[in-house]
Amino acid sequence: MAETHLKGRFVGAAFVALLMPFWPLLSCAAEQPLERVRIVYTALSGKSMATWVALEGGFLHKQGLQVELVTVVSGATAVHSLVSGDAQFAEAAGPPVLESGLEGAGNVIIAGLLNTMDYQFIVGKQIKRPDQLQGKTVAVSRLGSSSDFATRYALERFGLSIGKDVTILEVGNESQRFAELTEGKIQGLMLALPLSLKAKQLGFPVLIDMQKLGLEYPHLMLAVMQSTVKSRPDLVRKVLTAYVEAIHYLKTHPKETEAILRKYLKIDNTEELRETYESVGLNLIPEKPYPTLKGIQNVLRELSAKYPKAQTARPEQFVNSTFVKELDSSGFIDRLYKGAPVAPPAARK
């Protein structure tokens, strides 16, 4: 009994000694509870990859944050949640963020998570040429949304007049619009991965690939209230740091990232997961998530018909790149990639 007791004391003392160098960190973690933060987002597609990895990879937790991710039905709803104080951060496309800013809501873009469009314009199986869309109906999530902007942009390139040649309907999210296409209720829509790949596998043609146009567009922005930037710059800095680390992780850890995509997209098709990861994660999500000023100007031009203020507004009015610049100019981002460079898709096995 005495020998067992002494052995237990020895093991306990050794364990304490082992933890001694880490005691300040453990004590600090115990004394400082995680700060609760809510982030709202809309895109149940590869566009939201960085947000999912930031949470699932523990990068937000590493910054002392307990984050609740909430899915909402539209970018307008996401921005409303931000302005009303229901969320501290909102992930949304440029139009609703800029509309709110033009109305004086006080929100600002702090990061560009996707600065071009990942859409493909998918059409009914009987349509082989753009002119065959005449007299047909196409669907968008809502008027003024990114899917609406992309659809109008594509139709104009095809020389088709909206309202005269083609009718646009507001239908809902991508899954709802895709269902309308498969049922023959509409004849065209913008789809992102993985649904765009599924559509092609089912035999639906692609009339235009927005990714190949080189169009700068604020397709997925991270927004916050200006009041939060002023009162809680530390919080904004923590969130941006987590996102930057998550982007590096997703670009250098394909298997782990595909597993996270599988969880959120609820798909098991290996081809769909890999295509989504490579097309969006490797090719479109920027290592340094600066917002695109040229893309914001493109949206302001579109909004000028509805908002006269947009005609004279400058993109810089809606952007605060301070926190991304800090991480960039300090060398923080470059050091991440120096240690683990991104492998090109063809080199991955």
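**Ground rules.** I number residues from 1 along each chain as its sequence is written, and side-chain values use heavy atoms, with hydrogens and water left out. As the model is predicted, local features need pLDDT of at least 70 and side-chain atom pairs count only at pLDDT 80 or more, while totals for chains, interfaces and linings use all residues.

**Helices 5 and 6.** I took helices from DSSP runs (H or I, at least four residues) and strands likewise (E, at least two), numbered from the N terminus. The axes of helix 5 (residues 75-84) and helix 6 (residues 94-102) come within 8 Å and cross at roughly 45°; axes are lines fitted to C-alpha atoms over the stretch in contact, with angles from 0 to 180 degrees between N-to-C directions. Next I looked up who meets whom, with contact meaning heavy atoms within 4.5 Å. Gly-75, Ala-76, Val-79 and Val-83 of helix 5 touch Pro-96, Val-97 and Ser-100 of helix 6.

**Two loops.** Most residues other than glycine have a negative phi, and most peptide bonds are trans. Lys-266, not a glycine, has a positive phi of about 55°. I found Lys-266 in the loop between helix 12 and helix 13. Lys-266 counts as exposed because its relative accessibility is 71% (exposed is over 50%, buried under 20%, partly exposed in between; 1.4 Å probe, protein chains only). The peptide bond from Leu-193 to Pro-194 is cis, with omega near 5°. Pro-194 sits in the loop between strand 8 (188-191) and helix 9.
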